[in-house]
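Subject: Structure handover

Hello,

I am passing a structure on to you, with the sequence alongside. Please open it first and then read the notes below.

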Amino acid sequence: MEWTMKIFLEAKNSTLIRNIILLFILLNVAFFFVSHITINNRFEEVLEQSMNQQQEVVEDFFSYPENIINILAQNKDLPIFREDDRFLRNEILSLFESIIVPDYRISNIYYVSQDKKVISFFSIDPSINLTEKSWYIKTLEGKTQYNWVSHKSEFSNADVISCLRKITDKYNTPIGIV
């Protein structure tokens, strides 16, 4: 009888130990999945916040030059610019200087009319016809207000990104770009 009782107790203890081990394993699996889901949810939240912040940075990056271009496009002196009018030239260059000097990211500001008149903060080779450049043509013919172009600068020969805007007269006829 003692022997049967011993086997019974060992079997009962063995089942109990097996159940405890099984319960321990199931709890660990449950904790793993709960923590895994929690970590993934937190990661997705942080990723979404980061993406939203990055999008705001990109939007700010693009809106800043567009705001400057809008200010320049509203300038009444650009459409009437004549190369022989020193006073008007100095007024326009003073405006360009007030924008370009405090901001190292802007490498140049210029206006190019359809009749090939150019006024630029930094000088450009007069033999270059900017009205034949693809960025000039695309901007004048484009349907959008702005044209962002990556190209080789005619001023510094460096790779640049330009924000260009079509300038129109009071009849909405294109007369140049800034």
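The notes below go from the overall build to one pair of strands, and then to surface and charges.

Please keep in mind that this is a predicted model.

Overall build. The protein has three helices and five strands. Read from the N terminus, their order is α-α-β-β-α-β-β-β. For 178 residues the globule rule gives 16 Å, but the radius of gyration here is 35 Å, well over that value, so the protein is more spread out than a compact globule. Along the principal axes, the C-alpha atoms fill a box of roughly 125 × 30 × 25 Å.

Contacts and burial. Of the contacts with a separation of 6 or more, 47% are between residues 24 or more positions apart. Buried residues account for 28% of the 178 in the protein.

The β3-β4 hairpin. Strand β3 covers residues 146-152 and strand β4 covers residues 159-168; the two pair in the antiparallel sense, over seven bridges. As an example of how they line up, V149 has S162 in β4 as its bridge partner. Six residues lie between the two strands of this hairpin, and in the turn N157 has a positive phi of about 65 degrees.

Regards

Notes:
Residues are numbered from 1 along each chain as its sequence is written. This is a predicted model: local features need pLDDT of at least 70, side-chain atom pairs count only at pLDDT 80 or more; totals for chains, interfaces and linings use all residues. Side-chain values use heavy atoms; hydrogens and water are left out. Two strands pair if DSSP finds at least two bridges between them. Helices (H or I, at least four residues) and strands (E, at least two) are DSSP runs, numbered from the N terminus. The radius of gyration is taken over C-alpha atoms; the globule rule is 2.2 Å times the number of residues to the power 0.38. Buried means under 20% relative accessible area, exposed over 50%, partly exposed in between (1.4 Å probe, protein chains only). Contact means heavy atoms within 4.5 Å.
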